[in-house]
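Have a look at the model first, then read on.

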Amino acid sequence: MYLPEHFHEQDEAKIATIIRGNSFATLVTFNGAQPFASHLPLVLQPARGSRGTLLGHMARANPQWHHFHPGAEVLAIFTGPHGYISPSWYATPHMVPTWNYVAVHVYGLPRLVEDSAAFEEILRRTVEEYEAGQPVPWRDALPAEHKVGLMKAIVGFEIEVTRVEAKFKLSQNRKPDDIAGAVAALSQSENQTERELAALMKSQYEQARQS
């Protein structure tokens, strides 16, 4: 990923927050001839491995799991808030439009999880991750035979993280009045993602000012 220094984010806590809050990832592999991508929920386990581990599963009919090879990295892309930035919001004249965004690229070594107990643990952790915010969380009460049948239709995997690239393009290269104008405009948007972008821009600016 193209990563100018002023947009390069290295704070692990911030990066983990983006991954957890935007965990429906794009998983990219190479099948020997061309890139291949799937869109999957991936659950971060930060305490597993030196850089953390991603847990996931996909349909057995999806050919992507056949692309997993020992020593060959895969790429998981997590995209955070993003939005168009109009130069009309800036105090500085003669500026041009741009796009602000947050993106995290996680590279890692994939491994199929074929042990039934370990595979079921991946599914349990995934369900717990997404049911936690429900008013009445769903609890797995599936009959054992039915569950076994469903699990045969999917494959579980984990990705041991080897490196992370995080780009927080949040107007760090603009003057304070320009940032303030963009934050004010985005904060008034009817689009929730743009309001989230405004909050990130404001937080990033305030932290930079205090450092």
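This is a predicted model: local features need pLDDT of at least 70, side-chain atom pairs count only at pLDDT 80 or more; totals for chains, interfaces and linings use all residues.

**Pockets and cavity at a glance**

Numbering runs from 1 along each chain as its sequence is written, and side-chain values use heavy atoms, with hydrogens and water left out.

**Largest pocket**
- A pocket here is an open set of points on a 1 Å grid over the protein atoms alone, with protein on both sides within 12 Å along at least five of seven lines; lining residues have an atom within 4 Å of a point.
- Its volume, the space filled by probe spheres set on the points, is about 390 Å³.
- α2 gives the largest share of the lining of the largest pocket, six residues.

**Second largest pocket**
- This one holds about 310 Å³ of space.
- Closest to its centre, among 15 lining residues, are Glu-12, Ile-15, Ala-16, Arg-51 and Val-164.
- α1 and β7 (154-169) each give two or more residues to this lining.

**Cavity**
- The structure has one cavity of 30 Å³ or more; in a cavity a 1.4 Å probe fits but cannot get out.
- Ile-19, Arg-20, Ser-23, Leu-42, Val-43, Leu-44, Glu-129 and Tyr-130 line the largest cavity.

Note on methods:
Helices (H or I, at least four residues) and strands (E, at least two) are DSSP runs, numbered from the N terminus.
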